[in-house]
Amino acid sequence: MNVQITFLPSGRSVTVRAGTTVLDAARRAGVPIRTRCDGKAACLMCKVTTPHSSPGLSPLNDNERYKLAGLDRSGTRLACQARVFGRAVVEVPEDPFRAAVRRQMMRQAEDDELW
Ligand code: FES
């Protein structure tokens, strides 16, 4: 069975086989999710959120629950552990480096307007 997952904020969607991890689905969709452990639930860099409480994702496994230490209550999931079993929507946080560059550029633009 194939299922669809959508990544926010880009809005990119991809259809994958049921049981595919969110991380693998993101790679197929061309959506970058940072990782250092390559999906072994060790680096905790692959956090995504489920803004619409996606029922299409697998329930937390014990390892993911332990690693998230309560963050799951606010909708956070590890992309390498959560699997897609139905229509799902997840939000990928902006890369911290890109966010810093964007903030710097916004400050520069504001400064330029003042002159
Ligand atoms: S990829 Fe490292 S914890 Fe998910």
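**The β3–α2 loop**

Mentor: Let's start with Ser58, which sits in the loop between β3 (47-49) and α2 (62-68); helices (H or I, at least four residues) and strands (E, at least two) are DSSP runs, numbered from the N terminus. Bear in mind that this is a predicted model, where local features need pLDDT of at least 70, side-chain atom pairs count only at pLDDT 80 or more, and totals for chains, interfaces and linings use all residues. Residues are numbered from 1 along each chain as its sequence is written, and side-chain values use heavy atoms, with hydrogens and water left out.

Ser58 counts as buried because its relative accessibility is 10% (buried is under 20% relative accessible area, exposed over 50%, partly exposed in between, with a 1.4 Å probe and protein chains only). Setting aside residues up to four places away in sequence, Ser58 is in contact (heavy atoms within 4.5 Å) with Arg77, Gln81, Ala82, Arg83 and Phe85.

Thr50 is in the loop between β3 and α2 too, and it's buried at 15%. Beyond four places in sequence, Thr50 touches Leu57, Gly75, Arg77, Val89 and Val90.

Now the flanks. Asp38, in the loop between α1 (22-29) and β3, has a positive phi of about 55 degrees despite not being a glycine; Asp38 is partly exposed at 49%. Ala69 isn't a glycine either, yet its phi is positive, near 45 degrees, and at 64% Ala69 is exposed.
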